[in-house]
Structure formats: structure tokens, C-alpha cells
Amino acid sequence: MTSKKNVLEVKNLQAWFGKFHAVKGVSTDYPEKSITAIIGPSGCGKSTYLRCLNRIHEEVPGARSSGQALLLGQDIFAPEVDPVELRQNIGMVFQKPNPFPALSIFENVVVGLKLQGIKNKAKLLETAERCLRKAALWEEVKDKLHQQGTSLSGGQQQRLCIARALAVNPPVLLMDEPTSALDPIASAKIEELMQDLKEDFTVIVVTHNMQQAARVADYTSFLMLGELVEHGPSEIIFTNPKQSKTEDYITGRFG
Amino acid sequence: MLNQQTHNATPTKSIAKKLSGAYGDKVAKVFMQTVALAILALLFLMVYLLFEMSLEAIKEFGFGFLTSTDWDPIMEEFSALPFFYGTLVTSILALLIAAPISVMVAIFITDILPVKLGQVLGLFVEMIAAIPSIVFGLWGLFFLAPIVREQITPLLKSTLGFLPIFQGPSFGIGVLTASIILAIMILPTITSISREVFKSVPQHQKEAALALGATREEMIRLAVLRPSFSGITGAIVLGFGRALGETMAVAMVIGNSSRISASLFAPGATMSSVIANEYAEASAGLHLSSLCYVGLLLFLVTLVVNSSARFIVWKFSPIARSARKDKRA
Ligand SMILES: Nc1ncnc2c1ncn2[C@@H]1O[C@H](COP(=O)(O)OP(=O)(O)OP(=O)(O)O)[C@@H](O)[C@H]1O
Ligand SMILES: [Mg+2]
């Protein structure tokens, strides 16, 4: 484990909404081919932290951030870094499903490829099917690929957004509660997907489901009130945490 | 005891309030219904009066009023076609100029400029709507017409002069000048409705596009413009409705000629401008009646255009859409 090199190294990341300090100096390393779970009480800044890592946070009016995040050694916040290019390498599945209402299911999945200029219809179709299968949605939508993306149910939309993020094949994938609206079977499929992704990529996933974190994540970070309380291998966080706050949270005595 | 009293006080009060509320509601309802009916009655009365005043011309010309091309008060030959044509051409040309600019200005205000700067620009655009028509007319006559004659016309002739619409002499006043004035006048209408449409695009849609590696421009096209297509269409049709009825400024700069000419530099007339320019001198019954007939036609055209615009805006507004979705669910 220690021989793995770090794909992403976050150093002292801070984030604000106006005057509100939402993330207060988080530092974590993310090794290649690993899954890291972020857990913590609602409102503690998990989404905000994740949204800093693909620089979407700064698109919110009045929001800003500071600190460093080195993607393969290059600070993503450096002035010479183009956020557009960065976001092709760091994909995101948002907490709230957000398919494009004007696009069909098919178009939603391949829109990222189209943005990259790929027009080959066969390739687009092939990618759409592959990604929808991986997101455990293919069987449900294969006969209605040309219906509006927003005509799907909440859980289906969530999986559609996962497929959409997969299609661009980003080496780092940020997933914000990707199974919050899913039944246990679909959730299990998404967990399987994460394990698959780990073969090549790095996944950071926010979840409120402790069992899920313990099952799929190699590492777990525990966040509280915008601060990183504890970070380490999941088996240690969930069996023998060093901080009493972490123990209180995972045993349900708090939060 | 004291406790009971305070306990009692509240319910009695609220019942009394409820009663007066119900009574007030009834009065308000009757009042609203009366007003609504009165407005409807007024509308019908207006159409009826217009119809009655046009009757002489309707009897004389019938539907030929729309097909013959002569408007000659001396020979008592009347036809609405040149004005129908003028209205259509000026309004469409105004739309061609104003629609792209308005949509771009709206996008600038909502999604490109810093918030404060956008608000200032928005305010300026709204102020255009407050300028009286006659001021536009004066401005067009003394400022725009010379520019059209000396700069715009030569430019168009040298670049697109092979098209019949850009041939012939220019006197400054004419169809093109009127269209430009109209374009400026409908700009605020299209801009402010487009702005509302763009503002209703949720932030998370824009984030979805950006997170996929869209540039700012691609994000605007994908997450803002595409879902707004029908809303923009409605805004444009409403702008068209405004252009159709606009009178004073057009009457001052269009040149008032009842001849249909292919050239945009030539003078022309619209349905509203001919009424404004001729009704004072229209002594003879048939002339006056024909002007009323033109007015009746104009009324019908604007009614159709405006209601279809309202329909489009209503049908595709996010609120109506979600209401329909709820109904289906
Ligand atoms: N757009 C915003 N403007 C202002 N404050 C915000 C905004 N978004 C989030 N916040 C605040 O920042 C803090 C962190 O929010 P965040 O969404 O990161 O929490 P979270 O840990 O993801 O919670 P949850 O588990 O409920 O998703 C919260 O206190 C929230 O109120
Ligand atoms: Mg969250």
C-alpha cells in the first residue's frame, strides 16, 4: 500500500461561502487505484470539500477557496491551470441528480464526449451502452434512449448522472452520495462499479452509509464542522479509531 | 379564571377574523368578476365600433381590400395590402436585427457580466422602454436618417448590392430606418423576457455542464440556451407583437408611401402609420371607413400574434411545465 504513488495531494484546503468558513484546512493524500470515503454529519462540509477538488465550488457566487491540491504534482489552483481541462480529468457525480432537461437519455450520457469533439455515432452508441450498463441502468432505459433525461425517476437520474460522468473516463472521480436514492440492489451494483473503477482510477466518495464506506473504501476521512478529524485506512477508522469523536460518530452516539 | 379568559380570547378573535375574511373574499370576488366582465365588454364594444365604422369600406371592397394594391384617396381606391406588406416587412426586419442582439444582451446580463455590472446594463435596457415613441421618431428623423443615407446605405450597396432589397436611391427616411428604430424599441421587451427565462435555469444545470469540462461558452449553449429555446421564441413573438402595433416613431421616419417597393431604402407605410398620417385629412366617408378597416385588420393581427406569444411563454414556462408534470404523476 505504501508503495503506491499519490495521484492527488490536498494540502490545507479551505473554503468559504462569503464570510462563512465551510472547510477549515483539510490535508489528505489520495493514492492511485484507491477508493477513499468521506463521512461526517450533515452540513459538515463534505460536498463543499469535494466541489473544491474540481473547482466547481468557485462557480458559486461569493464562494472562494485557498490551499493546494496537487494532481500528479501540479497544483490545480495554480493560475496557469485551465479549469476546463482539469474537469476533464476530475469527473464528478453531484449529490443532487442533475441531468440536462433538454437532452435525451442517450445525449445525456455522451454529452461529455461531444464536448470533446467526438462525433462518431458508433463510438457514442457503444460508450452510451457500456456506461449505462456499468451504472446498472441499461436494462431499464435501453428501449427509451430518446426520451428526456428528466423523465426518469430520481434513482434512475442518479444512475444516469453516474453514466454521464463515466463516459469521459476521468482518472479521478468524485462521487457525492452516489447511492443516496438507490435501492440495495442498485447500490450494490454501484459499489461493484467503484471496485471496477479502482483497477485503474482513483475514487473519492462521500457517503452517509457507514457499511458502504467500510465495504468499499480503502481509506476513510471523517469530517466535522469543516475540519478533518481523522483520516486513515478504513479498517482502522471503523474498528479502532484514534479520536473519540470518530468513535462516537461511527457508533451512532453522535451526529 | 385569568387563564380561561386568555384562552377564550384567541378563538373568538380568530373566528371573527375568519368571518370577515370570508365576507371580504366574497366582496373581492364579485368586484373582480365585475371588472373582468367590464374589460371584456369594453373590448367587444371597441371591436364592434371599429367594425361599424369600417362597414362602408367592407361593403365596397370586401376581401379585395387585401389583394389590390391601390391606395388612392383622390380616386377613392383603397386597399390595405401596401400597409400590410409594410407592417410585415418592418416588423420582420426589426426582429432580425433585435432578436439576436436582445438574446445576447440578456445572456450577458445573466451569465457573463459580474452581477452588479449586469444589473446596471439591465437597468439601461429597461430605460429604453420608457422613452416616448415620439422622441424615438425625432431621433430617427434628425439623427438616424442621415446616418442611414450617408453611411449604412453605401455600405450595404457595396457589399450586398446585388440583392434587389438593397438597390435604388436612399433618402434616409424609409423602410430600413423605420425597421432600425423599431428594433431599438422592441429590444427591451425581448431582452427582459429572455432574462427571466435565463434566470430560471438552475445553478446545478450549469454546474453539470462545467463539471463535464465545458467551456463557459459551451456551458451557456448546453445548459442555458438549449432549455430556453421555447422561452426565447415566446419573447421574440411578443417583441413581434410590439413591433406590429408601434405607430408614432414609424409614422415619422417611414416616408409614407403607399407604393409597394422591393427596396428597403424606399419609403413605405405600415398599417398603423397610415392611420396616424391620414385620419386627420380623411374627410370623405369611404377614406375614413377604409382607415378603420385597416385598423380592424391591425387589431386582429396583433391579437393573434400577442395571444400566441402568451401561449408559448405560458406553455413552456418552468412553472407551467412542472404543474403539468405534477398532474401526470
Ligand atoms: N451555496 C451555499 N451558500 C452558503 N452556504 C452554503 C452553501 N452551500 C452549503 N453551504 C453551507 O456550507 C456548509 C457545508 O455544506 P455542505 O453542502 O458541504 O455539507 P455536507 O457535508 O455535504 O452535508 P450533507 O451531508 O447534508 O450533504 C453548510 O453549513 C451549509 O449550510
Ligand atoms: Mg453534501
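Predicted model: local features only at pLDDT ≥ 70, side-chain atom pairs only at ≥ 80, totals over all residues.
Q: How does one describe two packed helices in general?
A: The description uses the angle between their axes and the distance between those axes.

Q: Then at what angle do α3 and α5 of chain B pack?
A: Helix α3(B), residues 115-130, and helix α5(B), residues 175-199, pack at an angle of about 135°. Their axes are 8 Å apart. That angle makes α3(B) oblique to α5(B).

Q: Which residues make that contact?
A: From α3(B) come B:G122, B:V125, B:E126, B:I128 and B:A129. From α5(B) come B:I184, B:L187, B:P188, B:T191, B:S192 and B:R195.

Q: And how do they divide by class?
A: The contact of α3(B) with α5(B) has six nonpolar, three polar and two charged residues.

Q: Is the crossing of α3(B) and α5(B) left-handed or right-handed?
A: The crossing of these two helices is left-handed.

Q: What about α5(B) and α8(B), at what angle do they cross?
A: The axes of α5(B) and helix α8(B), residues 229-245, cross at roughly 155° and come within 9 Å. This makes α5(B) roughly antiparallel to α8(B). The crossing of α5(B) past α8(B) is right-handed.

Q: Which residues of α8(B) meet α5(B)?
A: They are B:G231, B:I232, B:A235, B:I236, B:L238, B:G239, B:R242 and B:A243. On the α5(B) side, the residues include B:L182, B:M185, B:I186 and B:F198. By class, the contact of α5(B) with α8(B) has twelve nonpolar residues, four polar and one charged.

Q: Moving on to α2(B) and α7(B), how far apart are their axes?
A: The axes of α2(B) and α7(B) are 12 Å apart, and the helices pack at an angle of about 105°. That makes α2(B) roughly perpendicular to α7(B). The contact is made by B:V103, B:I107, B:D111 and B:I112 of α2(B), together with B:R216, B:I220, B:V224 and B:L225 of α7(B). By class, the contact of α2(B) with α7(B) has six nonpolar residues, no polar ones and two charged.

Q: New topic: how many cavities of 30 Å³ or more does a search of the whole structure find?
A: The search finds four such cavities.

Q: How much space lies in the largest cavity, and what lines it?
A: The largest cavity holds about 100 Å³ of space. Its lining consists of 17 residues, and B:Y85, B:G86, B:V175, B:R259 and B:G268 lie nearest the centre. Helix α2(B), residues 81-112, gives the most to this lining, with six residues. The lining divides into nine nonpolar, seven polar and one charged.

Q: And which residues line the second largest cavity?
A: The second largest cavity is lined by A:K134, A:L166, A:N169, A:P170, A:L173, A:L197, A:F201 and A:V203. By class, that lining has six nonpolar residues, one polar and one charged. The volume of the second largest cavity is about 60 Å³.

Q: What about the second largest pocket, how much space lies in that?
A: About 530 Å³ lies in the second largest pocket. It is lined by 19 residues, with B:I109, B:T110, B:D111, B:L113 and B:V115 nearest its centre.

Q: Which helix gives the largest share of that lining?
A: Helix α2(B) gives the largest share to the lining of the second largest pocket, four residues. The elements that give two or more residues are α2, α3, α5, α6 (203-211) and α7 (216-225) of chain B. By class, the lining of this pocket has nine nonpolar, four polar and six charged residues.

Technical notes:
Residues numbered from 1 in each chain as written. Chains lettered and ligands numbered in written order. Heavy atoms only, no water. Axes fitted to C-alpha atoms, helices over the stretch in contact; angles between N-to-C directions. Parallel < 35°, antiparallel > 145°, perpendicular 65-115°, else oblique. Left-handed = near helix turned anticlockwise from the far one by under 90°. Contact = heavy atoms within 4.5 Å. Nonpolar A, V, L, I, M, F, W, Y, C, P; charged D, E, K, R; others polar. 1 Å grid on protein atoms, 1.4 Å probe; cavity = no way out; pocket = protein on both sides within 12 Å on 5 of 7 lines; lining within 4 Å. Points joined across faces, edges and corners; volume = space filled by probe spheres on them.
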